[in-house]
Amino acid sequence: MARCCSQAQRMAACTAGRPGVGSCCGGWVATQVGLCPVSYHLSSFPNPGLVPAGHQRSVETVSFSPDSRQLASGGWDKRVMLWEVQSGQMLRLLVGHRDSVQSSDFSPTVNCLATGSWDSTIRIWDLRTGTPAVSHQALEGHSGNISCLCYSASGLLASGSWDKTIHIWKPTTSSLLIQLKGHVTWVKSIAFSPDELWLASAGYSRMVKVWDCNTGRCLETLKGVLDVAHTCAFTPDGKILVSGAADQTRRRISRTTKSPSDPQT
């Protein structure tokens, strides 16, 4: 599979989108479960504009696997579908949520898929070969709709909710590690820093918060955006946090506390 855009271009595509519109990863953009390469060189894609059919109602979330070979989709039909990107073939149908599926993210190893629903639960689906499609675990603890999910590089999982809180989980043990409180509106987007020391979150408001993942303390509240911050993402070096809003704001952040990886002075 060809890689059609740079890291910066992929980040721009991701942060420009809005929930329910699409997701970008590996040089491909998915919208309405339609697959199109982000390039004019369509000859590298076997079926440009491929639109797999399967969902019975609107699609609210799409996520690429880290290797860009699979795409997960979920929506108002309460179902999650796993697709092969190259062919558009549906690989698995995952059923278990009791309400609309609004968020999804693959684990770094691609062995698991996390999905969040308006039934206030998170489900972790085991995607290993030979594992039944119904094999999953449920993470419960939020009192509102699950609006966003994000895996860290080591496999921790963060979830944001309409209950205005963020939970950080260890999925392998189904344990809740820490709860983050401070948003005054529901949480729209979350992102781990590359070193996993920070978590950024955007609420349905004109502010983005940066949290210490170890203590749960809010390190900084960024209020420079002029419109609702739809999404947020760290650059690979963790020095810049990008928030996607209608005003296209980008805000540089600096370390406010010493981290274990910082040189001692």
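Trainee: Which residues do ring pairs link into a cluster?
Mentor: Let's begin with the rule: rings of Phe, Tyr and Trp (its six-membered ring) pair if their centres lie within 6.5 Å, and planes under 30 degrees apart count as stacked, over 60 as edge-to-face and the rest as tilted. Ring pairs of this kind join into a cluster made of Trp-76, Trp-118, Trp-162 and Trp-186.

Trainee: What kind of model are we looking at?
Mentor: Residues are numbered from 1 along each chain as its sequence is written, and side-chain values use heavy atoms, with hydrogens and water left out. Local features need pLDDT of at least 70, side-chain atom pairs count only at pLDDT 80 or more, and totals for chains, interfaces and linings use all residues, as this is a predicted model.

Trainee: Which kind of aromatic pair do Trp-76 and Trp-118 form?
Mentor: A pair of aromatic rings is described by the distance of the centres and the angle of the planes. The count comes to four aromatic pairs. For Trp-76 and Trp-118, the values are 4.9 Å centre to centre and 80° between the planes, and the pair is edge-to-face.

Trainee: How many residues apart are Trp-76 and Trp-118?
Mentor: Here we need strands, which are DSSP runs (E, at least two residues; helices are H or I, at least four), numbered from the N terminus. Trp-76 is in the loop between β5 (70-75) and β6 (79-84), while Trp-118 is in the loop between β9 (112-117) and β10 (121-126). The pair links distant parts of the chain, 42 residues apart.

Trainee: Does Trp-118 count as buried or partly exposed?
Mentor: Buried means under 20% relative accessible area, exposed over 50%, and partly exposed in between (1.4 Å probe, protein chains only). Trp-76 has 25% relative accessibility and is partly exposed. Trp-118, at 25%, counts as partly exposed.

Trainee: Which kind of aromatic pair do Trp-162 and Trp-186 form?
Mentor: Their rings are 5.2 Å apart, centre to centre. With 35° between the planes, the pair is tilted.

Trainee: How many residues apart in sequence are the parts tied together by Trp-162 and Trp-186?
Mentor: Trp-162 sits in the loop between β13 (157-161) and β14 (165-170). Trp-186 sits in the loop between β15 (175-181) and β16 (187-192), so the pair ties together parts whose separation is 24 residues.

Trainee: How many disulfides does a search of the whole structure find?
Mentor: A disulfide is a covalent bond between the sulfur atoms of two cysteines, and here the test is a pair of cysteine sulfur atoms within 2.5 Å. The sulfur of Cys-150 is too far for a bond, because the closest cysteine sulfur, in Cys-232, is 8.5 Å away. Over the whole structure, the number of disulfides found is zero.

Trainee: Which residue in β21 is the bridge partner of Cys-232?
Mentor: Cys-232 belongs to strand β20 (residues 231-234), where Thr-231 and Ala-233 on one side and Cys-232 and Phe-234 on the other are all buried. Two strands pair if DSSP finds at least two bridges between them, and β20 pairs with strand β21 (residues 240-244) in the antiparallel sense over four bridges. In β21, the partner of Cys-232 is Ser-243.

Trainee: Which residue stands opposite Phe-64 in β5?
Mentor: Strand β4 (residues 59-64) has six of its six residues buried, so the rest of the structure largely encloses it. β4 pairs with β5 in the antiparallel sense over five bridges. Opposite Phe-64 stands Leu-71.

Trainee: Which residue takes a positive phi in the hairpin of β4 and β5?
Mentor: That hairpin has five residues between the strands. The positive phi, near 65°, belongs to Ser-68.
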